[in-house]
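Trainee: Can you walk me through this one? I'd like to start with the rings.

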Amino acid sequence: MAGMLSWIWKESEADNDTDAIKQLKKDWMDENADAREEDVTRKQLEARIASAKKAAANASEPSKMLDLAEAYGVLNPKDKRVLETCEMVMKFSLPFLSRQRQGDAHQLHGRSLFLAGRFEESLRALLRATQCYKEQGTMKLRRVNNAGLIRAYAALEKGPEATKRLEVALTMCEDMNDSIGLYMTGRVALEEGGCAEAFDAVWNDYLDDHPETKAYMEKMVGGTDGAVKQLMEKMPQQNGPAAPETFADFVKLAKEHKVITFLIITFVVLYLYFAVWFARW
């Protein structure tokens with residue numbers, strides 16, 4: 001009976017998430033899927049979990065506990081065992097890890113806390129990862145950490161902090177897909193929270209300095225024109241705004257018509273996400 005009540009409570013908690021929070025959680029899940037090897041099977045991942053579990057049982061190698069948490073997380077980031085094992089790492093394994101691996105532990109812990117809806121705790125864990133990666137971490141690790149911070153700040157409706165993380169993370173991008181992914185990960189949430197203007201200003205400055213990315217964005221936005229117009233035609237409105245024709249028009253519309261723009265931005269972000277995803281193939 002207790003298990004059934006727990007299941008019902010968790011389902012209710014998930015249903016209470018706003019659309020923006022659901023999208024942020026999906027961003028975490030998509031990031032995990034992108035990092036997973038392309039041809040790996042569920043059976044192989046489960047075999048890795050079994051192997052990691054056996055290694056973690058050896059008390060003389062406490063660092064293996066993080067390997068187990070990561071193995072759980074690759075298969076399913078929402079698996080409660082990820083968070084439970086991360087908590088064990090925090091208590092018993094952390095001092096035995098290098099600074100980079102400590103950063104990995106805090107980053108994974110932060111993601112697990114976020115997916116559990118514990119956003120303040122997630123932010124603290126991600127900030128600890130930031131400190132570790134400053135001392136010992138690759139550019140990619142620091143960029144991924146900043147993407148997590150954008151999500152955490154956006155979930156807490158801390159627009160200025162999310163914007164600062166975007167500004168920092170954009171300096172760490174290796175290609176166009178990295179930068180577009182960073183922008184998309186917080187944009188919808190900040191639109192809903194009414195904190196998107198500064199975020200857009202940083203992004204527009206970046207586009208001005210990166211004409212290839214700007215041209216790609218304009219092309220993608222142009223490709224949504226027909227669908228956006230159909231969407232807006234179905235919306236009940238009197239003397240409503242015209243459908244945006246360029247990326248700049250989207251920004252202008254965002255400042256003037258919050259509710260309508262939230263729906264449109266959500267659509268465009270999903271459109272761009274799939275465009276970037278297919279571009280990777």
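Trainee: Okay, W203 and Y206: buried or exposed?

Mentor: Both W203 and Y206 are buried, where buried is under 20% relative accessible area, exposed over 50% and partly exposed in between, with a 1.4 Å probe and protein chains only. Keep in mind this is a predicted model: local features need pLDDT of at least 70, side-chain atom pairs count only at pLDDT 80 or more, and totals for chains, interfaces and linings use all residues. Residues are numbered from 1 along each chain as its sequence is written, and side-chain values use heavy atoms, leaving out hydrogens and water.

Trainee: How many aromatic pairs does the structure hold?

Mentor: Five. Rings of Phe, Tyr and Trp (its six-membered ring) pair if their centres lie within 6.5 Å; planes under 30 degrees apart are stacked, over 60 edge-to-face and the rest tilted. W28 and F114 make a tilted pair, 6.0 Å centre to centre with 55° between the planes.

Trainee: Where do W28 and F114 lie?

Mentor: W28 is in helix α2 (residues 19–35) and F114 in helix α6 (residues 99–115), so their pair ties together parts 86 residues apart in sequence. Helices here are DSSP runs (H or I, at least four residues), numbered from the N terminus. W28 counts as buried at 1% relative accessibility, and F114 does at 0%.

Trainee: Back to W203 and Y206, what are their rings doing?

Mentor: Their centres are 5.5 Å apart and the planes sit at 15°, so that pair is stacked. W203 and Y206 also belong to one aromatic cluster with Y183 and F199.

Notes
Helices (H or I, at least four residues) and strands (E, at least two) are DSSP runs, numbered from the N terminus.
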